[in-house]
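Welcome! Open your viewer, get your selection tool ready, and we will walk through some charged side chains together.

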Amino acid sequence: MVRETEMRVEEPPVVANAGVGVHGINTARDVFRLPDLWQLHLYGYHASFAADGRWHDLRPGVVSLVPPGTTVEFRYRGRSEHLYVHFAMGGHRDPFVGDAGASLPILRELLLDAVAAFPTSPGRSAASVWAAVWRVSDLADASDAPRSPVVAAVVRRIEEHLAEPLVVAELARVAGVSHNQLTRLFHEHVGDTVVGYIASRRMARALHLLQASTLSVTAIAAAVGIPDLQAFNKACRKAFGASPRALRGR
């Protein structure tokens, strides 16, 4: 049997329980295992934590994601509270323990919402847990194979400003790197040029709007940053082999 090495985050979780765990009052040590459920914890205290015998230092702002069947051990230093969710989801990955970093405020809100909604609105609770799991999974993937923060920042800026003029030199300046360095990083991490990535994203959004909305071709062209209709028509023919109106009729 081949062991799955990735959790299936594309599928929504089934939340079994969510709450605020209070520990370290009657005992300074807990050892347990959830045979069929994932554990997602967000910590607000200092302690020691082991997953299948591998030890980690916990501190406020650390998050852990532990797959089913993992034996965990906590060694507390007094009263200790953490947000937790136990849920079912397919796939498998190694336990992850790491700093939530910039994701901390969002993760805290998502888990608090999951805890509050769980008794009366399990669907809403699962939605919050799902969003949190995606973020923690990204943190875990980044720790396994670090991604370029420059590329991530530029991609985000492109997606947020796709309807506006986008110049590679300006994107590089905002990211704090040279034009050549940004070009090299994009080739390495995206497999495309910056200009090529922008063009492909504009055409993907244009195709969606042409086929899924009743927006005019003029409005769609402006929405994807190619307000000149002749240029937009040319871009569509180059990308899809058809005019915008022909694409709309498909």
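Is Arg8 buried, partly exposed or exposed? Select Arg8 to begin: this residue is partly exposed, with a relative accessible area of 32% (buried means under 20% relative accessible area, exposed over 50%, and partly exposed in between, using a 1.4 Å probe and protein chains only).

A word on what you are viewing: this is a predicted model, in which local features need pLDDT of at least 70, side-chain atom pairs count only at pLDDT 80 or more, and totals for chains, interfaces and linings use all residues. Residues are numbered from 1 along each chain as its sequence is written, and side-chain values use heavy atoms, leaving out hydrogens and water.

Glu11 and Arg8 form a salt bridge, with 3.2 Å between the closest N and O atoms (a salt bridge is a side-chain nitrogen of Lys or Arg within 4 Å of a carboxyl oxygen of Asp or Glu). Glu11 is partly exposed too, at 38% relative accessible area.

Next, pick Arg124 and Asp113, whose side chains meet in a salt bridge at 3.0 Å, N to O. This pair links distant parts of the chain, 11 residues apart: Arg124 sits in helix H2 (residues 122–144) and Asp113 in helix H1 (residues 104–117). Helices here are DSSP runs of H or I with at least four residues, numbered from the N terminus.

Move on to Arg201 and Glu159, joined by a salt bridge of 2.7 Å, N to O.

For a last stop, select Arg29, Glu73 and Arg75, which salt bridges with shared partners join into one network. Across the structure there are 11 salt bridges.

Terms used:
Helix = DSSP H or I, 4+ residues; strand = E, 2+ residues; numbered from the N terminus.
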